[in-house]
Amino acid sequence: MNIIFKEDIDTWIQEFNVYEKAIIFGKGPTFKILSKDEDNNTNTFFVCINDTINHIKQCELLACNDLESFDKIDLTNLKYCSNILIPYHPHKNFKFDSNINYNHVIDKIKDYFTGNLIIYNLMSSRKNY
C-alpha cells in the first residue's frame with residue numbers, strides 16, 4: 001500500500017491525464033450499475049462512494065469519510081480498486097474522534113488493498129496536518 005499525503009498529490013494527479021471524464025457512483029434513486037465495457041467507458045474514471053464499490057467492480061477511486069463504511073464493504077472488492085480517499089481522522093459514529101485516524105482504516109484493509117491510500121484533512125476534524 002502506498003500512502004499519498006499532500007506533498008505527493010501533484011505526482012499522483014499526473015496519472016489521471018489519460019481519462020476523458022469521470023462517473024461518480026453514490027447511493028440513491030439514480031444509482032445505476034455500469035461497467036467499462038458498456039458504451040466504451042475505457043477512458044472514464046470510476047469513483048465509488050462508500051459501499052457502492054460492492055456493485056462497481058472497476059472502481060479507480062473509493063471515497064469514504066466514515067470508519068464504519070469499511071464494515072459495509074465486501075473488502076475483497078478492494079483488489080479491483082487502485083485508490084482510496086480517506087480523511088486523516090475518519091468519522092466514527094458520524095462524528096470526529098481524535099483517537100481515530102487513517103491507521104484504523106489501514107488495519108481493516110491491509111489484507112485486501114495494495115493501491116494508493118490518499119489521506120486528506122476533513123474540515124470537521126478541527127486539525128490540519
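Student: How many of the residues in the chain are buried, as a share of the 129?

Tutor: Buried residues make up 42% of the 129 residues. Keep in mind that this is a predicted model. A residue counts as buried when its relative accessible area is under 20%.

Student: Why is His91 called buried?

Tutor: The relative accessibility of His91 is 15%. The cut-off is under 20%, so His91 counts as buried.

Student: Where is His91, and what is it in contact with?

Tutor: His91 lies in the loop between strand E5 (83-87) and helix H3 (102-109). Leaving aside neighbours within four places in sequence, His91 is in contact with Asn65, Asp66, Leu67, Glu68, Phe96, Leu122 and Ser124.

Student: And why does Lys127 count as partly exposed?

Tutor: Lys127 has a relative accessibility of 39%. Partly exposed covers values between the buried limit of 20% and the exposed limit of 50%, so Lys127 belongs there. You will find Lys127 in the segment after E6. Apart from neighbours within four places in sequence, Lys127 is in contact with His89, Phe96, Ser98 and Asn121.

Student: What makes E6 largely enclosed by the rest of the structure?

Tutor: Four of the five residues of E6 are buried, so this strand is largely enclosed.

Student: Which strands does E6 pair with, and how do you know that they pair?

Tutor: Two strands pair if at least two bridges are found between them. E1 and E6 have three bridges, in the parallel sense, and E5 is joined to E6 by five, also running parallel.

Student: In what order do the six strands form the open sheet?

Tutor: The order is E1-E6-E5-E4-E3-E2, with parallel pairing.

Student: What makes E1 and E2 stand at the edges?

Tutor: Strand E1 (2-4) and strand E2 (21-25) each have a single partner strand, so one side of each is left without a neighbour in the sheet. On average, neighbouring strands of this sheet are turned by 25° against each other, direction ignored. Helix H3 packs on the sheet, where H3 touches E1, E5 and strand E6 (116-120). The direction of H3 makes about 145° with that of E5.

Student: How many disulfides does the rule give, and how do you know that Cys59 is in none?

Tutor: The count comes to zero disulfides. For Cys59, the nearest cysteine sulfur is that of Cys48, 3.2 Å away. A disulfide needs the two sulfur atoms within 2.5 Å, so Cys59 is in no disulfide. Cys59 is also buried, with a relative accessible area of 1%.

Student: What about Cys64, and why is it too far for a bond?

Tutor: The closest cysteine sulfur to that of Cys64 is in Cys81, at 9.0 Å, too far for a bond. Cys64 counts as buried as well, because its relative accessibility is 2%.

Student: Which residues touch the most other members of the largest nonpolar core?

Tutor: This core has 26 residues, and those touching the most other members are Ile53, Leu62, Phe70, Leu78, Ile84, Ile86 and Ile109. Strand E3 (44-49), E5, H3 and E6 each supply at least two of its residues, and H3 gives the most, with four. A second, separate core has seven residues, including Trp12, Phe16, Phe45 and Ile118.

Student: What is the secondary structure of the chain, and why is the chain called as compact as a globular protein of its length?

Tutor: The chain comes to three helices and six strands, following the pattern β-α-β-β-β-α-β-α-β along the sequence. The radius of gyration is 15 Å, close to the 14 Å that the globule rule gives for 129 residues, so the chain is as compact as a globular protein of that length.

Methods: Residues numbered from 1 in each chain as written. Predicted model: local features only at pLDDT ≥ 70, side-chain atom pairs only at ≥ 80, totals over all residues. Heavy atoms only, no water. Buried < 20%, exposed > 50% of the residue type's maximum accessible area, 1.4 Å probe, protein only. Contact = heavy atoms within 4.5 Å. Axes fitted to C-alpha atoms, helices over the stretch in contact; angles between N-to-C directions. Core = buried A, V, L, I, M, F, W, Y, C linked by side-chain atoms within 4.5 Å. Rg over C-alpha atoms; globule rule 2.2 N^0.38 Å.
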